[in-house]
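I opened this model to look up its charged pairs, its strands and its helix packing.

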Amino acid sequence: MLMLTGFMDETGHSEDPTLHFAGMAGFVAPLERWREFERFWQPTLDSYGLKKPFHMKDFAHSVQEFKDWKNDEGRRKELFGKLIEIIKKTEAKPIGVVVSIEAYNSLT
């Protein structure tokens, strides 16, 4: 039997009255692949002096632990490239969904 493990993150929150859609996206792969992933992910973050977990929203907006990276595009591209390569080596499959909050709330 194939056992898959997934890592996901949500976008939006159903309690937000201004929100019309909520979503979830992530990757799934066999557990052994995630063990391989962990062998490289955290050491890569450590080599840049970063804490776990990595938050793309912070990286993308140069906030939190990335606030001093704002003017260092080379460093940003280098880290991002390394992280993408680690994900690719995992051969994880991307999955995602977006749900209409209105449609969801109309369900019985």
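**Entry 1: salt bridges**

I began with Glu73 and Arg76, whose side chains meet in a salt bridge at 3.7 Å, N to O. I count a salt bridge when a side-chain nitrogen of Lys or Arg is within 4 Å of a carboxyl oxygen of Asp or Glu. Both Glu73 and Arg76 sit in helix H3, three residues apart, about one turn of the helix. Helices here are DSSP runs of H or I with at least four residues, strands are runs of E with at least two, and both are numbered from the N terminus.

I then looked up accessibility for the two. Glu73 is partly exposed, with a relative accessible area of 43%, while Arg76 is buried at 10%. My cut-offs are under 20% relative accessible area for buried, over 50% for exposed and partly exposed in between, using a 1.4 Å probe and protein chains only.

A note on the source: this is a predicted model, where local features need pLDDT of at least 70 and side-chain atom pairs count only at pLDDT 80 or more, while totals for chains, interfaces and linings use all residues. Residues are numbered from 1 along each chain as its sequence is written, and side-chain values use heavy atoms, with hydrogens and water left out.

How many salt bridges does a search of the whole structure find? The search gives four. One of them joins Arg39 and Glu36, with the closest N and O atoms 2.8 Å apart. These two are three residues apart in helix H1, about one helical turn. Arg39 is exposed at 53% relative accessible area, whereas Glu36 is partly exposed at 34%.

Another links Glu91 to Arg33, at 2.8 Å from N to O. Glu91 lies in the loop between helix H3 (73–90) and E3, and Arg33 is in helix H1, so the pair ties together parts that are 58 residues apart in sequence. Arg33 counts as partly exposed, at 31% relative accessibility.

**Entry 2: two positive phi values**

I stayed with Glu91 for its backbone. Its phi is near 60°, a positive value in a residue other than glycine. Ser62 also has a positive phi, near 50°. Ser62 is found in the loop between H2 and H3, and counts as buried at 9% relative accessibility. For context, most residues other than glycine have a negative phi.

**Entry 3: around Asp58**

Asp58 belongs to helix H2 (residues 56–60). Leaving aside residues up to four places away in sequence, Asp58 touches Val63, Gln64 and Phe66; contact means heavy atoms within 4.5 Å.

Gln64 lies in the loop between H2 and H3 and is exposed, with a relative accessible area of 56%.

Next came the open sheet of three strands, ordered E1-E2-E3 with antiparallel pairing. Strand E1 (4–11) and strand E3 (93–100) stand at the edges with a single partner strand each, so one side of each is left without a neighbour in the sheet. Neighbouring strands are turned by 20° against each other on average, direction ignored.

Strands pair if DSSP finds at least two bridges between them. E1 and strand E2 (residues 21–30) have eight bridges, with Leu4 partnered by Pro30 and Thr5 standing opposite Ala29. E2 and E3 are likewise joined by eight bridges, and Phe27 has Pro94 in E3 as its bridge partner.

**Entry 4: helix packing**

Helix H1 (residues 31–47) lies across E1 and E2, at about 95° to E2. Axes are lines fitted to C-alpha atoms, for helices over the stretch in contact, and angles run from 0 to 180 degrees between N-to-C directions.

How do H1 and H3 cross, and within what distance do their axes come? The axes come within 9 Å and cross at roughly 170°. That makes H1 roughly antiparallel to H3, a label I use for angles over 145 degrees. The contact includes Trp34, Phe37 and Trp41 of H1 and Leu79, Leu83 and Ile86 of H3. Arg33 is also among the H1 residues in this contact.

Methods. Angles under 35 degrees count as roughly parallel, over 145 as roughly antiparallel, 65 to 115 as roughly perpendicular and the rest as oblique.
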